[in-house]
Amino acid sequence: MSTGSGADSAPAPNTHLNKNNKHDKNNTHNKNGTGMFSSLKIRNYRLFATGAVVSNTGTWMSRITQDWLVLDLTGSAAAVGITTALQFLPMLLFGLYGGVIADRYPKRTLLLFSQAALGLCGVALAALTLSGHVQVWHVYLIAFLLGMVTVVDNPARQSFVSEMVGPDQLRNAVSLNSANFQSARLIGPAVAGVLITTIGSGWAFMLNGLSFLAPLAGLLLMRQSEMHKVERVPRGKGQLREGLRYVKGRPELMWPIVLVGFVGTFGFNFPIWLSAFADGVFHGGAGLYSVFNILMAAGSLVGALLSARRRSSRLRMLVAAAMAFGLLQIAASFSPVLWLFALLLVPIGMLGLTVNITANTSVQMATDPAMRGRVMSLYMMVFAGGTPVGAPLLGWVTDTYGARVGFATGGVISLLAGVGVAVVLARLGGLRLKLDLRRGHQHVAFVAKVPVQREDDTAVRPKELATVA
């Protein structure tokens, strides 16, 4: 079960890499043109993407089925939140260690082990469900085991993309990864809804387990000679602290990570809210829950494809998307009729995916290759690892005060986080607010006063750090 996901806003650290790769024989793949699907011209990435769409479809089938199974066994939205929390708790506890492992060992080898383990977890849950002996603690246990595997799988998979495609195609490949994931999200819930209502939940879990044969085959068929070589970090002391210091000293890394931490912890608890709206507000059952997920996936897919077309990501896009994401969640939470609620899920999905992709690519492009595993593990730790805090809390709010209040709470926190990070970036970047009411001009914008200096005397360019409007 996979979990996961800005050149203009990315500062200098990768500049030397781009120059060196101009004469790399492997870099010829990156010169085959640009476009929405340009990274698919690279054979290794094409194998990776093909395997991923199969396993991602199984993942979404299993996710929807798991949430509905827990709701059916317990009748509690909080129990769904606990399941989600257990799956992401290992990322919160051990996520940074996963990044150290990803920087230290070959990522392809790590992925072979982790993808096989994820498949075995799916088969185990299928066996329990098909035998009729499944209990909610079984689901909790397997969710926790999935999270343990994901601690290594996530940073390895995120940073492996750059080894397949190189820096020139990294942004496009990250966007297509998200489009891949959201395409599967369109198919998986629909199939899950059919399977749940016809032959039962067990077969959805079984198909998810078997789906991991596809990425395993893709990894085995890759040509290692075509990989972009990245020097592995030797075993040593203090590597975890080194990664934290690296991020702390770079506002262009730290504040996007802070923002996605708030949005991921409080704004992405859709299994809780959508199951509660489908069951308790609109009384539509598992079929309606699947429809809600499909609508969100459609919006997310549009967001991913639009991101793939863009050649750069500015931090102003990140904070603006986060604020709009929160506002639309608040609006949807108080939608009086089903059709309006369902309609708003599409742009919510699009903006949520825009936040994720913009932050992901900005952070990856701004990070030295030798540090990428540790930085991405920190990114995933705050994005997904906050779920053990946010999911039970918002599950309790949803159970106690209703689905509408729970959904609105997540939206308010996402909105405030976007506003707060925008203000911080503007101040750190030495920017001031500029108003221009002339037709054809940008009416509200932040413009630079003077560059600011870091402690190491490295100039932080305000345009790169905080172009938020």
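The crossing of helices α11 and α17 is left-handed, a crossing being called left-handed if the near helix is turned anticlockwise from the far one by less than a right angle, and right-handed if clockwise. The model is predicted, with local features requiring pLDDT of at least 70 and side-chain atom pairs counted only at pLDDT 80 or more, whereas totals for chains, interfaces and linings use all residues. Residues are numbered from 1 along each chain as its sequence is written, and side-chain values use heavy atoms, with hydrogens and water left out.

The chain contains 18 helices and 4 strands; helices (H or I, at least four residues) and strands (E, at least two) are DSSP runs, numbered from the N terminus. Of the 469 residues in the chain, 59% are buried, where buried means under 20% relative accessible area, exposed over 50%, and partly exposed in between (1.4 Å probe, protein chains only). The accessible surface of the chain is about 18800 Å², and carbon and sulfur atoms account for 65% of this surface. Accessible areas come from the Shrake-Rupley method with a 1.4 Å probe, and for residues only the protein chains shown count as cover.

Two packed helices are described by the angle between their axes and the distance between the axes. Axes are lines fitted to C-alpha atoms, for helices over the stretch in contact, and angles run from 0 to 180 degrees between N-to-C directions. Helix α11 (residues 270-281) packs against α17 at an angle of about 155°, the axes lying 9 Å apart. The two helices α11 and α17 are therefore roughly antiparallel to each other; angles under 35 degrees count as roughly parallel, over 145 as roughly antiparallel, 65 to 115 as roughly perpendicular and the rest as oblique. On the α11 side, F270, W273, A276, F277 and V281 meet A403, R404, G406, F407 and G410 of α17, contact meaning heavy atoms within 4.5 Å. By class, the residues of the contact of α11 with α17 comprise 7 nonpolar, 2 polar and 1 charged. In this division, Ala, Val, Leu, Ile, Met, Phe, Trp, Tyr, Cys and Pro count as nonpolar, Asp, Glu, Lys and Arg as charged, and the others, Gly among them, as polar.

Helix α17 also packs against helix α13 (residues 315-333), the axes coming within 7 Å and crossing at roughly 160°. This angle makes α13 roughly antiparallel to α17. The contact of α13 with α17 involves 16 nonpolar, 7 polar and 1 charged residues. The crossing of α13 and α17 is left-handed.

Two loop residues were examined in relation to these helices. G402 is located in the loop between α16 (387-401) and α17 (403-428), and is partly exposed at 23% relative accessibility. G402 and V281 are separated by 121 residues in sequence, while their C-alpha atoms are 8.8 Å apart in space; V281 is one of the α11 residues that meet α17. H283 lies in the loop between α11 and α12 (285-309). Although H283 is not a glycine, its phi is positive, at about 55°. The relative accessible area of H283 is 64%, and this residue is exposed.

A further helix pair is formed by α4 (residues 107-130) and α8 (residues 213-221), which pack at an angle of about 160° with their axes 9 Å apart. Helices α4 and α8 are therefore roughly antiparallel to each other, and α4 passes α8 in a left-handed crossing. R108, L111, L112, Q115 and A116 of α4 meet P215, L216, L219 and L220 of α8. The contact of α4 with α8 has 7 nonpolar, 1 polar and 1 charged residues.

Helix α4 also holds G119, which is buried with a relative accessible area of 6%. Apart from neighbours within four places in sequence, G119 is in contact with G209 and F212.

Two other positions were considered. S39, in the loop between α1 (15-20) and α2 (43-74), is buried at 0% relative accessibility. Not counting residues up to four places away in sequence, S39 touches Y45, V165, Q169, N172, A173 and L176. S39 and R171 are 132 residues apart along the chain, and their C-alpha atoms are separated by 9.2 Å. T197 is found in helix α6 (residues 170-198) and, in contrast to S39, which is buried, T197 is exposed, with a relative accessible area of 58%. The C-alpha atoms of T197 and A286 are separated by 8.0 Å, the two residues being 89 residues apart along the chain.
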